[in-house]
Amino acid sequence: MGWALALHGGAGNIPRSISPQRKDAAEACLRECLRIGGSALESSISALDVVEMVVNELENNPVFNAGRGSVLTNRGTVEMEALIMDGSTGNCGAVSGLCTVVNPISLARLVMEKTPHIYLAFEGAEQFAKQQGVKTAASSYFITEENQDRLVHAKQANRVLVLDHTASNTIKQTENHDSLNISLAPGTPIGDAGDTVGCVAVDKQGNCAAATSTGGLVNKMVGRIGDTPLVGCGTYANHLCAISATGKGEAIIKATLAREVAALVEYKQLPLTEAVDQVVKGRLGQGNGGLVAVSNAGDVAMAFNSTGMFRATVDSTGRSEVSIWH
C-alpha cells in the first residue's frame, strides 16, 4: 500500500509581496519536513511516529507559530497547545497552557500513552512533563524579539490579533468582533509568522495519524484554548483519514472542522478531496483558514479559503509539492 504525507505551517492573509527571506525560510523548513517524513514512511516507520517527528521539526523552527516560534499572551508569556491522534486505534493525547516544553506534540503523545487521560493542561501538564523528563527550556528560548514586537502592536490596538501577512497600514475587524487582523508598515514583523503547524500521514500499512501544534493568538487572554487540542476540531484521525486544520480557531471549533471531513468520508462515502472542499467552502467561512488531509488509500487534499497556506506534500508515487498560494 502506498504512503503519503501532508503538512501545513499556517493559513491566513499571506500576500505575494512577503519578503524573500520569510518565504525562503518557510519553504526550506517545509522541504526538510518532506525529506524527513518521506524517508521515514518509505522505511516503514508508522504514521504516528512520522507525524510526531515532522511536527517536532516545525516546532523547533521559530519561523512558525508553534514551539519556539509561539506568539505571546497578553501577559507576555507563551501558552502552547498540541494534539496527536492515531487513526488505527482512536487513541489521542492533548496538552494546553505549556510554557516550558520544547516539543508540545511529544508531550501530547506521552499523555496518550502514559496516562489514563486524553487532555492535560497548564500546571498539571507542566508537572507531567517534569515527571516524564521531557526537554524543557527557559522563557528566553520561546520569547523572540519578533513576537515581542507583535505583542506591543496588539496592545496598542487593545485587541487580540489573528496573525496577518499584509504590509498595508490598515486595521480591519473580524466578523465576530472579538479579534482583529492588524497590518502594519513594511518591515514591521507582526505579519511575518505562520499560524499553527500540523502534519497528517498514512503509512504502508494504511494507518492514518494526525498531529497539530500552535502558540495560539497574539495577545490572547491567559487561559484561552483554541481548536488545535480539541479532538474533532483542529485535529482528527480515524481508520479512513487524518486531518489537521489551521486558521481562526473559534471558527474551526464552531464547525468541528476536522471531524466534519471524516464524517463525510465515513458516512457519505465521499472521496477525500470532495469532502475537504465541501467542508472548507461550506462550513469554515470565507477567509478563516484551511486544512490538510490524507486517506488510508494514499489520497492527499490540501484546501484553504484564505489568501494562502504554507503547505507541502510527498507520497510514494514520487509526487512532491511545496506551495503557499492558490
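How many bridges pair strand 12 with strand 13, and in which sense? I opened my notebook with that one, and found 5 bridges in the antiparallel sense between strand 12 (residues 289–295) and strand 13. For my own bookkeeping, two strands pair if DSSP finds at least two bridges between them. Helices (H or I, at least four residues) and strands (E, at least two) are DSSP runs, numbered from the N terminus.

A note on the source: this is a predicted model, where local features need pLDDT of at least 70, side-chain atom pairs count only at pLDDT 80 or more, and totals for chains, interfaces and linings use all residues. Residues are numbered from 1 along each chain as its sequence is written, and side-chain values use heavy atoms, with hydrogens and water left out.

**Whole chain.** I counted 9 helices and 15 strands in the protein chain. Of its 326 residues, 59% are buried, meaning under 20% relative accessible area with a 1.4 Å probe, protein chains only.

Next I traced the open sheet, which has 4 strands in the order 10-11-12-13 with antiparallel pairing. Strand 10 (235–237) and strand 13 (300–304) are at the edges with a single partner strand each, so one side of each has no neighbour in the sheet. From one strand to the next I read an average twist of 10°.

I then went along the pairs. Ala 293 sits opposite Ala 301 in strand 13, and Gly 290 faces Phe 304 of that strand. The two strands make a hairpin with 4 residues between them, and Gly 298 in the turn shows a positive phi of about 95°. Towards strand 11, I found 7 bridges, again antiparallel; there Val 294 of strand 12 is the bridge partner of Ala 242.

Is strand 12 enclosed or open? I noted that 7 of its 7 residues are buried, so strand 12 is largely enclosed by the rest of the structure. I remembered that side chains in a regular strand alternate between the two faces of the sheet. Here Gly 289, Leu 291, Ala 293 and Ser 295 point one way, while Gly 290, Val 292 and Val 294 point the other, all of them buried.

**Helices across the sheet.** Last, I looked at what lies over the strands. Helix 8 (residues 257–267) lies across strands 10, 11 (241–247) and 12, at about 150° to strand 11. Helix 9 (residues 272–282) lies across strands 11, 12 and 13, at about 15° to strand 13. Axes here are lines fitted to C-alpha atoms, for helices over the stretch in contact (heavy atoms within 4.5 Å), and angles run from 0 to 180 degrees between N-to-C directions.

Conventions: Buried means under 20% relative accessible area, exposed over 50%, partly exposed in between (1.4 Å probe, protein chains only).
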